[in-house]
Amino acid sequence: MKVYNIAIFASGDGSNAQKIIEYFKGSSTIKVVLVVCNKPTANVLNRAKNENIPSLLISRADFYESNRVTEQLHSYNIDFVILAGFLWLIPQNLITAFPDKIINIHPALLPAYGGKGMYGMNVHEAVIAAREKESGITIHLVNEKYDEGKIIEQHRCSISETDTPQTLAQNIHQLEHRYFPAAIERFIQNNSNGI
Ligand code: GRF
């Protein structure tokens, strides 16, 4: 039976990466085989080490001025790329190498509150400032523009009068941890013959 190999890209704490790694530990068809990171101090690197998953620290030159990252992914036989808090725009060479196989999670209900600069607390502050009654997460395919690829799934949470950007961030993180791993599994099952 074909095993589908996943690379997770992350720039920060990596709590989503952690949940994805844990979720697929028991899987015989999907394996997390690599963590890719652009920040030497990112906690996600510690998480990868603790989980005995190889990690790859990349530079802007690697990513934007060469095909080195794409070549590395091929050397690990990667089938799908998961962006879980990765803050750099994905270059065309990677999108071309993995067409409709790069999935991102955004902490808002795209197309609203997306695009360049819309990440982390910036998103939640804008949603609270706009007095939105709900927010949520968007799991989507990645193309060459920030947060504009085809939407795969969205999950919502209501916002109360007393919510702050901080409490909203906590609620959104819970949604992410609850729904992202299974959404990845469903997407891979629906977009690969044989599993
Ligand atoms: C998440 O909120 C995700 O929506 C966004 O980046 C954050 C990553 O958090 N893309 P973590 O590093 O997985 O804890």
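## Reading the labels

Helices here are DSSP runs of type H or I with at least four residues, strands are E runs of at least two, and both are numbered from the N terminus. The model is predicted.

Start with Asn 52, which sits in the loop between H2 and S3. Its phi is positive, about 55°, although Asn 52 is not a glycine. Asn 52 counts as exposed because its relative accessibility is 70%, and the cut-off for exposed is over 50%.

Asn 77 also has a positive phi, near 55°, and is likewise a residue other than glycine. Asn 77 lies in the loop between H4 and S4. At 52% relative accessibility, Asn 77 counts as exposed. What makes such values worth noting? Most residues other than glycine have a negative phi, and most peptide bonds are trans.

## A cis peptide bond

Which peptide bond is cis? The bond from Leu 110 to Pro 111 is, with omega near 10°. Pro 111 belongs to the loop between S5 and H6.

## The largest pocket

The largest pocket has a volume of about 850 Å³. Its lining holds 39 residues, and the closest to the pocket centre are Gly 85, Phe 86, Leu 87, Tyr 119 and Gly 120. The lining divides into 17 nonpolar, 15 polar and seven charged residues.

Which elements build this lining? At least two residues each come from helix H1 (15-24), helix H3 (60-64), strand S5 (102-106), helix H6 (121-129) and helix H7 (165-190). H7 gives the largest share, with four residues.

Nonpolar side chains tend to be buried together in soluble globular proteins. The largest nonpolar core in this model has 38 residues, and Ile 6, Ile 8, Ile 20 and Phe 180 touch the most other members. H7 gives the most to this core, with eight residues.

Take a look at Ile 6. Sequence neighbours within four places aside, the contacts of Ile 6 include Phe 24, Ile 30, Val 32, Leu 34, Phe 80 and Ile 184. Lys 31 is also one of its contacts.

## Helix H1

Is H1 mostly covered or mostly open? H1 is mostly covered, with seven of its 10 residues buried. The buried ones are Ser 15, Asn 16, Ala 17, Gln 18, Ile 20, Ile 21 and Phe 24. They pack against S1, strand S2 (30-37), H2, S4, S5 and H7.

## Salt bridges

Side chains of opposite charge can pair when their charged atoms come close. How many salt bridges does the model have? The count comes to seven.

One of them joins Lys 2 and Asp 79, whose closest N and O atoms are 3.3 Å apart. This pair links distant parts of the chain, 77 residues apart: Lys 2 comes before strand S1 (4-10), and Asp 79 is in the loop between helix H4 (68-75) and strand S4 (80-83). Lys 2 is partly exposed, at 42% relative accessibility, while Asp 79 is buried, at 15%.

Another salt bridge pairs Arg 47 with Asp 13, at 2.9 Å from N to O. Arg 47 lies in helix H2 and Asp 13 in the loop between S1 and H1, so the bridge ties together parts 34 residues apart in sequence. Arg 47 is buried, at 18%, whereas Asp 13 is partly exposed, at 41%. A further bridge connects Arg 186 and Glu 153, with closest N and O atoms 2.8 Å apart. Arg 186 lies in H7 and Glu 153 in strand S7, so this pair ties together parts 33 residues apart. Arg 186 is partly exposed, at 38%, and Glu 153 is buried, at 14%.

His 140 lies in strand S6 (residues 134-141). Is His 140 buried or exposed? With a relative accessibility of 1%, His 140 counts as buried, because the cut-off for buried is under 20%. Leaving out residues up to four places away in sequence, His 140 touches several others, including Ile 102, Asn 104, His 106, Leu 110, Asp 147 and Ile 152.

Ser 59 sits in the loop between strand S3 (55-57) and H3. Ser 59 is partly exposed, with a relative accessible area of 30%. Ser 59 and His 106 are 47 residues apart along the chain, and their C-alpha atoms are separated by 23 Å.

Notes
Residues are numbered from 1 along each chain as its sequence is written. This is a predicted model: local features need pLDDT of at least 70, side-chain atom pairs count only at pLDDT 80 or more; totals for chains, interfaces and linings use all residues. Side-chain values use heavy atoms; hydrogens and water are left out. On a 1 Å grid over the protein atoms alone, a cavity is a set of points where a 1.4 Å probe fits but cannot get out, and a pocket is an open set with protein on both sides within 12 Å along at least five of seven lines; lining residues have an atom within 4 Å of a point. Grid points are joined across faces, edges and corners, and a volume is the space filled by probe spheres set on the points. Ala, Val, Leu, Ile, Met, Phe, Trp, Tyr, Cys and Pro count as nonpolar, Asp, Glu, Lys and Arg as charged, and the others, Gly among them, as polar. A salt bridge is a side-chain nitrogen of Lys or Arg within 4 Å of a carboxyl oxygen of Asp or Glu. Buried means under 20% relative accessible area, exposed over 50%, partly exposed in between (1.4 Å probe, protein chains only). A nonpolar core is a set of buried Ala, Val, Leu, Ile, Met, Phe, Trp, Tyr and Cys residues joined through side-chain atoms within 4.5 Å. Contact means heavy atoms within 4.5 Å.
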